[in-house]
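Open the structure in a viewer and keep the selection tool at hand. The tour moves from one selection to the next.

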Amino acid sequence: MISIILSIGDELVLGQTVDTNSAWLSAQLAAMGCDVAAHATVPDDQTSIESAIQAAAGRSDLLIVSGGLGPTADDLTRQALAAVLGRPLEINAAWLENLEAFFAQRRRPMPQSNRVQAMIPAGARILENTAGTAPGIDADFHPPGAKPCRIFAIPGVPREMKLMFERQIAPHIAAAGRGAVILSRTLHTFGLGESSVAQRLEELMDRRRNPSVGTTVSDGQVSLRINARFEDRARAQTELDSTTELCRRALGDLIFGQDDQTLPGVIGDLLLASQFTVATAESCTGGLLAKMITDIPGSSRYFQRGWITYSNAAKGELLGVPAELLAQHGAVSEPVAIAMADGARQRGGATFALSITGIAGPDGGSPQKPVGTVCIGIAGANPTVATTYNFPGDRESIRDRSAKMALTLLRYQILGKSAPF
Ligand code: AMP
Ligand code: MG
């Protein structure tokens, strides 16, 4: 079954409101094996809505239109739908009674404009709204010579839209039952760029492959989305598992987790399982690393303490970094990162200590140490080491990548592996 989603509203087209309805509806439809061919966003203009419905209905079996069902002059979805269907709008007596009861209960007179919400195109069916005053509309569109399309018009308010979809549209799709099942899994990596990850996956990313494998990037984290699409659920599950295994083989320890797992959450699980603890010493990240670690509930079981040693004086006083080291190599240097990590580990009484010192910009860079130069140290069982990275981007992303890289280095350390970056 092919579906198309239309979102109606000037605020969406103007970018004032983000169209979250389409994203949510797409995920629901995909999970039910219903292909989504397109999303379109349309302003509150009747002619535009009519042509969008006409065009979308011509190339789908199922059309979901959200928004524009309110009582005001800019809500034009029902008028546009009636025009496309070539049928008049008729008052639905039962829903008018509902509306009158709704206002009577609140001891308010019903504004005349609300009457329009009880109007639906002749021959269409009402979709009850248990959360608001606008009912949805369920209509069959079957122009001569074209294939039929079932059109659902539903409110734009996300809560009302979701309830109506779950209770009244999803059962229809399940009953139609012609779709395949799509099962998905997401694997997360950090440390390599998207093209390097893709290179290692080779033909797994072939566009014709089923299950398909695609990559997305968000805040430096490259994720693999695996979608298995089969008629049979058991087959889809087996294929999803075997492609997951192939991706894991291709990327090895680069994969830190899957689906809802986060890097700090995975680190927390590893620390808990091994009964190790960690302390942090941060300069340019100003506590971001400690924040990421302590964002995880229960982190008090493994996070000992953290220092924000922004000035040279603080590095010396609080972590014992020798003044000569700072003078000789500068605050952003591997020897200083090592001294910070050693100081934090000794003073924090932790199994591991992570240190970060770098130039987050926009100022402070030099030809030898440009903005984005960050030294990350790790003290633990092995001799303390530090590595210098050159992170791209602005201040925020340099700080974000620095903290995530420190977590990643800790992950490799706990796993007893050496990090490939
Ligand atoms: P409407 O049904 O067009 O009156 O929309 C009511 C409200 O729901 C709008 O003012 C938006 O705040 C919200 N809304 C409508 N469409 C969407 C959408 N596609 N995504 C997120 N919010 C929406
Ligand atoms: Mg609207």
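The model is predicted.

**Stop 1: strand E3.** Select residues 62-66. Five of the five residues of E3 are buried, so the strand is largely enclosed by the rest of the structure. Leu62, Ile64 and Ser66 point one way, while Leu63 and Val65 point the other way. In a regular strand, side chains alternate between the two faces of the sheet.

**Stop 2: ligand 1.** Which of the 14 residues around ligand 1 come nearest? They are Asp19, Thr20, Asn21, Gly68 and Gly156. A polar backbone atom of Asn21 is 3.3 Å from a nitrogen atom of the ligand. For Gly156, a polar backbone atom is 2.9 Å from a ligand oxygen, and a backbone N or O atom of Val157 lies 3.4 Å from an oxygen atom of ligand 1. The protein buries 75% of the 480 Å² that ligand 1 exposes when taken alone.

**Stop 3: helix H11.** Select residues 312-319 and highlight Ala314, Lys315 and Leu319, which are buried. These residues cover an arc of only 100 degrees around the axis, which puts them on the same side of H11. Their packing partners are strands E13 (278-282), E14 (303-308) and E15 (352-358), and helices H12 (323-329) and H13 (334-348). Finish at Gly320, which follows H11 and has a positive phi near 75 degrees.

Conventions
Residues are numbered from 1 along each chain as its sequence is written. Chains are lettered from A and ligands numbered from 1 in the order in which they are written. This is a predicted model: local features need pLDDT of at least 70, side-chain atom pairs count only at pLDDT 80 or more; totals for chains, interfaces and linings use all residues. Side-chain values use heavy atoms; hydrogens and water are left out. Buried means under 20% relative accessible area, exposed over 50%, partly exposed in between (1.4 Å probe, protein chains only). Helices (H or I, at least four residues) and strands (E, at least two) are DSSP runs, numbered from the N terminus. The arc is that of the directions from the helix axis to the C-beta atoms. Contact means heavy atoms within 4.5 Å. A residue is near a molecule or strand if one of its heavy atoms lies within 4 Å of it. A polar contact is a pair of N or O atoms within 3.5 Å; within protein, one must be able to donate a hydrogen and the other to accept it, and residues adjacent in sequence count only if both atoms are side-chain atoms. Accessible areas come from the Shrake-Rupley method with a 1.4 Å probe; for residues, only the protein chains shown count as cover.
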